[in-house]
Amino acid sequence: MTAAALDLTGFIRHENGAARLDLAVEGMTCAACIGEIEHGLQELPGLVGARVNYSRHRLTVNWDERRLTPSAILDALRRLGYRAQPYVAREAEEAEAQRMQHLLKCLAVAGFASMNVMLLSVSVWAGNVSDITPETRDMFHWISALIALPAAAYAGQPFFSSAWRAIRSRHLNMDVPITLGIMLGLGMSIVETMNHAENAYFDAAVTLLFFLLCGRVLDQAMRRKTRAVAGNLAALKAATARRIEADGTLTLTPAEALRPGERVQVLPGERVPADGRALSGESAVDESLITGETHPRDVASGDTVYAGSLNRNGTLTLEVTAAGEATLIDDIERLLEAAQEGRSRYLHLADRAARAYAPIVHGAALITLVVWMLTGHSFHDAAITAIAVLIITCPCALALAIPAVQVVAAGTLFRANLLLGSGDALERLAEADTIVFDKTGTLTVPDPRVANAPDVPADLLAVAGRLALSSSHPLSAAVAREAGRAAPFEAVEERPGEGVRTVAGGVEARLGSPAFCGFTDHPQPSGADTSLVAVMLGDRRALLEIRQTLRADAVRVARELARQGLSLIVLSGDRPDAVAPVAGQLGIEAWRGGLKPQDKIAALAALKAQGRKVLMVGDGLNDAPALAAAHVSLSPVTAADLTQAQADGVFLGDRLAPVLAAVRVSRRARRLMLQNLGIAAIYNLIAVPLAFLGQVTPLVAAVAMSGSSLLVTANALRARLGADRDARAEPAVTAPPGVAIQEGLS
């Protein structure tokens, strides 16, 4: 019976006119496999792009369906020596856990064998300088062989199988020289034992294998650590949902099977399975990892809830508005992955160097063998030296230098509520020396507020909020927020241009212009940035000051950015008299108001002509041309606007702190990338000549090779230093109540 063909239709997505498929790749053993896979697939006609995420062993391919089929992609991977299947997060994590378990078993076998063989070798070494007989020495060597050969056959599987797949597909990976080194060491030991030589190298071979496995296990653990740093969004997704059928019964169904329009029930303590609108029930939901809001949000009928949110205390009935891969949390995950998988100049440099290493390594080992034999050394000594060269020149440290930093930095920024849309955005952020801020919705919170709410009597403010729920005036939304979850009055009369009125408990209540509410002295707003709304309840009256306020931490962030050496500029479409007080409170001397979109672009072009690298921070919808003209751009967006953002990165929440985090983390990441490239280069400049001169044994070579890979990965983890503190820090200085501006053109 033939095997069933794999149907990939359900796993294919379409983006920008091209098909996309995420594949879990088996057989990736070191970071040098990244370039081999990506460049090996480039030969396929119709391939648009191929990107490997080494930390997840995942390959993302985009292709033209008119010229290429997914089965052809799988066949090409098979020819390269790799097996692939559709990437499913949970299955990939299970496979990763199984690989780790197998590596640990191999490590245990190699460790047990190396300890016992080393004990036998110590006896031989001691006997060689005392009175051991040749027969006893041979017996110890054969016992060592009986331990080492089966142990190496089992513990070496991760290297041997990978090398065999590479050779069978007519390619070379870095497990090929490792396998050659181990096999040559064991083979030479058997020959030496058969010839009754004083020394054999079973101890070196199995101990070499033990240290190589230590490096492989630690590398696996480090990669899982970097994925944890990036945030495991898959853990936030509900696996199942309680779907409410037409007859009212509940059916437990996979969350991926939900469709818009269906109803679901979410119990306390459960994750919301899909984006939806609350139909009934009241609760508080924790959506801190989704929208950036750190405090639970009260939810009632009509409110929007996002997939991945944690339902705290009440049962909710939701109508699904987006499910599967169309939810907000999937949009966030795609942005995060794009930042991890993108290619910067540094990464292209490291990739090219790593690709050139495979032929160089084998050539260097062959040259070492020939030179040593031509200079009069024995084949034994020449082979041992060549083996050391094979092992020590593995380019894993170089290939890991940039991706490790990129993954950690992207995850650190994610926890700071900033999502980058491309890998090179991190590099461009680090280069920025000037920040241009838009004003409305960027330096200020997106929605206007009742600035003097604490000074208004609570009952008058509550009446104003309930009346505003029935008003169509643009300013009513700010007043309506003060009503909380209260219901509007039943009988409300709206008078265009004046306001709304009703009778509550036999007392007339009004909301609108001061004159409409009985003010006869024509009160004036405290500034050009303030609008006045009046509320009346019987013979009691109060004035509400409506304005947009600065983000709570805007002053602190502006001061910190200036301390980082950045030049700050405000370019706004709002009136100059509204921009001036904001720039003054932020300590920004360079500002302009009343600008049209083309004026902002011209201003950015002038800055570029001066040699400035501009970071533009503005509304992702209204300032799209200016964002595109900048060297790099960030946009503050609401959850609903996330998929429409045009910037290189977006940040969530009401704070400006993610901009500061972007500057700090990107600059730190650039330093770490350069440090890692330097570490890898210095390692090879020192290690290769020493190995060629015979100053390094295969055992020491294995320790050095594994240590260099771990060193650059551990150095990459420093990208998160201080970032968590910055993200948690409360704003030290906030804008005074009078610093606010009226909403205008932005």
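1. Aromatic pairs. The structure, a predicted model, contains zero aromatic pairs.

2. Charges over rings. R466 is placed over the face of F489, at 4.1 Å from the ring centre. In a second contact, the charged end of R510 sits over the ring of F516, 4.5 Å from its centre.

3. Salt bridges and a network. Side chains of opposite charge can pair when their charged atoms come close. The count here is 16 salt bridges. Among the residues involved, E493, R495, R501, E508 and R510 are joined in a network of salt bridges.

4. R242 and E270. These side chains form a salt bridge with an N to O distance of 2.2 Å. The pair links distant parts of the chain, 28 residues apart: R242 belongs to strand β6 (residues 240–244), while E270 is in the loop between β8 (263–266) and β9 (275–280). R242 is partly exposed, at 25% relative accessibility, and E270 is partly exposed at 22%.

5. R277 and E319. The closest N and O atoms of this salt bridge are 2.6 Å apart. Because R277 lies in strand β9 and E319 in strand β14 (residues 316–322), the pair ties together parts that are 42 residues apart in sequence. R277 is partly exposed at 35% relative accessible area; E319 is partly exposed at 25%.

6. E560 and R563. Their side chains meet in a salt bridge at 2.6 Å, N to O. Both residues are in helix α16 (residues 554–563), three residues apart, and so are separated by about one helical turn. R563 counts as exposed, with 60% relative accessibility.

How values were computed
Residues are numbered from 1 along each chain as its sequence is written. This is a predicted model: local features need pLDDT of at least 70, side-chain atom pairs count only at pLDDT 80 or more; totals for chains, interfaces and linings use all residues. Side-chain values use heavy atoms; hydrogens and water are left out. Rings of Phe, Tyr and Trp (its six-membered ring) pair if their centres lie within 6.5 Å; planes under 30 degrees apart count as stacked, over 60 as edge-to-face and the rest as tilted. A charge sits over a ring if NZ of Lys or CZ of Arg is within 6 Å of the ring centre and within 35 degrees of the ring normal. A salt bridge is a side-chain nitrogen of Lys or Arg within 4 Å of a carboxyl oxygen of Asp or Glu. Helices (H or I, at least four residues) and strands (E, at least two) are DSSP runs, numbered from the N terminus. Buried means under 20% relative accessible area, exposed over 50%, partly exposed in between (1.4 Å probe, protein chains only).
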